[in-house]
Amino acid sequence: MTDLTDLTIADARKGLAAKSFSAVELTEAHLAAIKAANRALNAYVLETPERALDMAKASDARIAKGEAGALEGIPLGIKDLFCTKDVRTTACSHILDRFIPHYESTVTANLWAAGAVTLGKLNNDEFAMGSSNETSFYGDVVNPWRREGSDAPLVPGGSSGGSSAAVAARLCLGATATDTGGSIRQPAAFTGTVGLKPTYGRCSRWGIVAFASSLDQAGPVTRSVRDSAIMLGAMASHDPKDATSADLPVPDFEAAVGQDVKGLTIGIPKEYRVEGMAPEIEALWQQGIAWLTERGATVKDISLPHTKYALPSYYIVAPAEASSNLARYDGVRYGLREPGKDVLSMYENTRESGFGAEVKRRVLIGTYVLSAGYYDAYYLKAQKVRTLIKRDFDQAFEGVDAILTPTTPAPAFAAGEKSGDPLEMYLNDIFTVTVNMAGLPGISVPAGLSLEGTPLGLQVIGRAFDEETLFRVGHAIEDAAGFMAKPQDWWSKA
Amino acid sequence: MSVDRATVFRIARLARIAITDEEAERLESELSGILDWVAQLDELDTADVEPMTRVEAMTMKMRKDEVTDGFCATDIVKNAPQEDDHYFVVPKIVE
């Protein structure tokens, strides 16, 4: 039964339709894998086996009646940032560790309506603030990949580290994730998985714990580009409950997978060649260019001159919006409460005890940049810089159909290696954060291995609401790379 | 140092987060480091640049002004740390 966990969503769908196995068998195989692995990897913060089996039984009944949905019987992991009705949702923060929503996020509701099965809730950095999954209240997630000849734990990336680790370790067929500055693509690159951040507005934000509302976007982590297209098709919708949700039809994303890239023009931005970038990353980038050229795409050098300002402006916009969004955690309506001598000290004690160090740091930065007299100098300035970043992309897309870059400046690092210096950690998002600032879609596809034997990803950036071109180009890279490497299973023996 | 100790305590008070003297010392250098780093944005002249408000031009939708949800007080207070008869209970505010 163990090979059932090794299927892609597309192959599992075929197997279910052909009655080669049942949805219950597929779910049971995953529940067993989670049970054996989770102590070592810490990818799930909540396992929901009974709910999973009930949903799988219902899927089998619908398959028998010929009423299968697009994700019928497919077992998924859900990042613990998505509110799930009657199932604990914590954002991996102590302040929410007993929160049980009485509503379902739009994205997960769409997945259940398509027939998907939930296996449980996945670990992430607290309130999605982090790049290594080391800020979760429930402890670090461990990357299933290790450096060759070493058993030192590596980080799975963040903030969607539970999603990336679970997909890489075969603990679900796909996972939901969210991306504010790179939180889907960077973990995907670190674990040899496919991570897609759709265009801002493609997926509803309703019912997702808010971090930075003008940047947050939900997307899938999967083991193939086709699976990414299948999952996005089910997750995306226009939602009147989210005023920023785009009122556009959801295309048949899967139809784009496998279309050739002949005739496409791919931009190579010179500003992404940064100092200190690992030589194997540069080599992989060149390899990606060669693959696309061999398949008939035209490659063109482009310039995105404001690239270096994306990260500093992000660290104004994201903390500012986080400080506003996290003001709701006051110990009154839900979540943790710590007593105090009056209402003000109750608030202060609750938030001091409920938030971790990184969350406090960002709330304080955000409070500072929004405080009286500083708004124009910081937040307004950063929003103007966003216009310049967006303008760079608009001009580039007049001459190219997509942009190819590395996903990260280096492969997965060791646990504890960067957690001492917030700025060093922030630099991990240097290639991904521009996409959030401009609201564009980006996909990370595994394309090779580092000198240490760990995965590396290439990123494709597209025009707003043109995820289809990302799937075309992403699939061409996947096909050319033939990335078949899998992490060696050490975790279920631990 | 772009923020001093007194500023750290002032913004912690605004953010309603209690901090110790030790935390304030650490935050003073961390916040200063981050603010010094973001100061590179000053290199850019943005006097004639509009702030970004949306990805694609999109008109905000209006909906009919009617009640679409409600009558779920029990659900709403279910996660409250302290509640009484559908009210949230807080420490005494007015003497």
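In strand β10 of chain A, the residue G442(A) is the bridge partner of K197(A). The structure described here is a predicted model, in which local features need pLDDT of at least 70 and side-chain atom pairs count only at pLDDT 80 or more, while totals for chains, interfaces and linings use all residues. Residues are numbered from 1 along each chain as its sequence is written, chains are lettered from A and ligands numbered from 1 in the order in which they are written, and side-chain values use heavy atoms, with hydrogens and water left out.

## Strand β10 and its partners

Strands such as these are DSSP runs (E, at least two residues), as helices are (H or I, at least four residues), and both are numbered from the N terminus. Two strands are said to pair if DSSP finds at least two bridges between them. Strand β5(A), residues 194-197, pairs with β10(A) in the antiparallel sense over 3 bridges. Strand β11(A), residues 455-462, also runs antiparallel to β10(A), and the two are joined by 7 bridges; here G448(A) stands opposite L456(A) of β11(A). β10(A) and β11(A) form a hairpin with 5 residues between them, and G453(A) in the turn has a positive phi of about 85 degrees.

How many of the 8 residues of β10(A) are buried? Strand β10(A), residues 442-449, is mostly covered, with 7 of them buried, where buried means under 20% relative accessible area, exposed means over 50%, and partly exposed lies in between (1.4 Å probe, protein chains only).

## Aromatic rings

A pair of aromatic rings is described by the distance of the centres and the angle of the planes. Rings of Phe, Tyr and Trp (its six-membered ring) pair if their centres lie within 6.5 Å, and planes under 30 degrees apart count as stacked, over 60 as edge-to-face and the rest as tilted.

| Pair | Centre distance | Plane angle | Class |
|---|---|---|---|
| W145(A) and F483(A) | 6.5 Å | 45 degrees | tilted |
| W490(A) and W491(A) | 5.9 Å | 85 degrees | edge-to-face |

The pair of W145(A) and F483(A) links distant parts of the chain, 338 residues apart, with W145(A) in the loop between β3(A) and α5(A) and F483(A) in the segment after α16(A). W145(A) is buried at a relative accessible area of 5%, and F483(A) is buried at 18%. W490(A) also counts as buried, at 17% relative accessibility, as does W491(A) at 6%.
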